[in-house]
Amino acid sequence: MTSRDAAPTTEAQAMSGRAATKLWADLRAALRGTNADYTRIPLKRAVFLLAVPMMLELVLESTFAVVDIFFVAKLGSSAVATVGLTETYLFLLYSIAMGLAMAVTAIVARRVGEHRGEEAALSAVQAILVAVLVSLPFAVGGIVWAQDLLRLMGADAWAIEHGYRYTQWMLGGNAVILLLFVINAIFRGAGDAATAMRVLWVANALNIVLDPILIFGLGPIPPLGIEGAAIATNIGRGAGVLMQLWILVRGSEHLRIRRANLRWHGATLMQIVRTSLGGIGQMIVSMTAWIFLMRILASVSTEAVAGATITLRIMMFTLMPAWGMSNAAATLVGQNLGAGEPERAEAAVWRIGWMNMAFTLAVSVVFFFLHDELVALFSDDPQVIAIGGEWLAILAYSYFVYGWWMVSVQAFNGAGDTMTPTWINLVFFWLIQIPLAWALALPLGWAHSGVFWGVFISETAVGLFTLWLFSRGRWKTAQV
């Protein structure tokens, strides 16, 4: 090799070394947190700094969901069904929590983009007050009427007699769920994605450790069964909320709540409520659609509910990283619109959308070839495995659409336009998905298969339509 040949090789190696060093530095900044201005730094770096911690934040959340159902499944299909039926009510709570979170992320991101930090902190306090007030009726209803709520959903005798304590704990302690959602949304809107990540890591790691101990017992701790799973969840999430409040008072990279912010401010509170109505609406529509689907599956068999519950947890595990990237899109849209950079906001969404599609496409390949094997990790019931595996196989055909759907919806929400996705969900879930799933499952006799194909048709259609609507660009004019 001549000196001329060696020079380009040496230069290429040097460039590769500099790129690796920069990537490592950005990764450390993403995990530790940074005070970077996401409206000014290169878009590629902004996406990386926000997406990495948001993905990791939700990876552990989805890991807990899978681990939780893994341990509960050891108690039998009725225990798994109890979790699934309780979650149909929790989905209503999640609807409110996620709707509030959408509004909070949009408002805090917009204020941070406008460099109005005190107003961002005041909005954060009002959001926490709203979350506490909303939690009260759910707590009372869950504690007093747990058995009636399970009976209404068609639960079997075991769930009503023994599983209701799980429902009492989960609904009775719902305040920690709401606060965990809302305060992490505050961090994400401010650009403190690493802080939100660390909070969920602590909360869910504690959940994972406590789950087997409280379910099966250890030493002097008696086995609490399915009730132990709910207690572990409440302890873990409660610890996460305490950590969140401490960080807010101490101050994160982009936001700090001071004593002057700790007050009732009606105008700001009502702005949060108004903005959140669309987000709550879109989530309630989609979540209540799932309640109807679970009720249809309960009419088929307990095994159908158990198989669908396990599949849903597997979906959550695989979609959480994609949802994390979508949350990054919401923050970038909100902050860049606040800074008067709508084209940069749109470019961020398209970049993240392609990343999401690549990820969900890879997951769909795994679903297609290993559907039964994945469900068998959580249940040894052949019927449950067959039902859950069938749904995963059906999902494989269009799972990549979910990636685009989540990003485009979060673009609307990050802009503060929460009503457009609400109307879309209303049409595609209530007017198409529920009637179609019911007709295929019961009158046409497809049983659980009818529900799964109804979901496939409606959710593929809603994903493509939402992406088309986003491309028209009217979201850029939303005001919050």
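**Figure 1. Surroundings of Ala79 in the predicted model.** Ala79 touches Val72, Trp158 and Ile226, leaving aside residues up to four places away in sequence. The structure shown here and in the following views is a predicted model. Ala79 belongs to helix H3, which covers residues 77-113. With a relative accessible area of 0%, Ala79 is buried, because buried means under 20%. Between the C-alpha atoms of Ala79 and Asp156 there is a separation of 10.0 Å, although these two residues stand 77 residues apart along the chain.

**Figure 2. Packing of helix H7 against helix H9.** Helix H7 comprises residues 174-190 and helix H9 residues 226-250. Their axes cross at roughly 35° and come within 9 Å. The crossing in which H7 passes H9 is left-handed. On the H7 side, the contact is made by Val176, Ile177, Leu179, Leu180, Ile183, Asn184, Ile186 and Phe187. These residues meet Asn234, Arg237, Gly238, Gly240, Val241, Gln244, Leu245, Ile247 and Leu248 of H9. By class, the residues of this contact divide into 11 nonpolar, five polar and one charged.

**Figure 3. Ser301 in the loop between helices H10 and H11.** Helix H10 spans residues 266-300, and Ser301 is found in the loop between H10 and H11. Which side-chain polar atom contact places Ser301 beside the backbone of Ala304? A polar atom of the Ser301 side chain lies 3.0 Å from the backbone nitrogen of Ala304. Ser301 has a relative accessibility of 15% and therefore counts as buried, the cut-off being under 20%.

**Figure 4. Packing of helix H11 against helix H13.** Helix H11 runs over residues 302-338 and helix H13 over residues 382-395. The two pack at an angle of about 45°, and their axes are 8 Å apart. H11 and H13 are therefore oblique to each other. H11 passes H13 in a crossing that is right-handed. From H11, the residues in contact are Glu303, Ala304, Ala306, Gly307, Ala308, Ile310, Thr311, Ile314 and Met315. Their partners in H13 are Gln383, Val384, Ile387, Gly388, Trp391, Leu392 and Leu395. This contact of H11 with H13 has 11 nonpolar, four polar and one charged residues. Ala304, one of the H11 residues that meet H13, is also the residue whose backbone nitrogen lies 3.0 Å from a polar side-chain atom of Ser301.

Notes: Residues numbered from 1 in each chain as written. Predicted model: local features only at pLDDT ≥ 70, side-chain atom pairs only at ≥ 80, totals over all residues. Heavy atoms only, no water. Axes fitted to C-alpha atoms, helices over the stretch in contact; angles between N-to-C directions. Helix = DSSP H or I, 4+ residues; strand = E, 2+ residues; numbered from the N terminus. Parallel < 35°, antiparallel > 145°, perpendicular 65-115°, else oblique. Left-handed = near helix turned anticlockwise from the far one by under 90°. Contact = heavy atoms within 4.5 Å. Nonpolar A, V, L, I, M, F, W, Y, C, P; charged D, E, K, R; others polar. Buried < 20%, exposed > 50% of the residue type's maximum accessible area, 1.4 Å probe, protein only. Polar contact = N/O pair within 3.5 Å; in protein donor to acceptor, adjacent residues only side chain to side chain.
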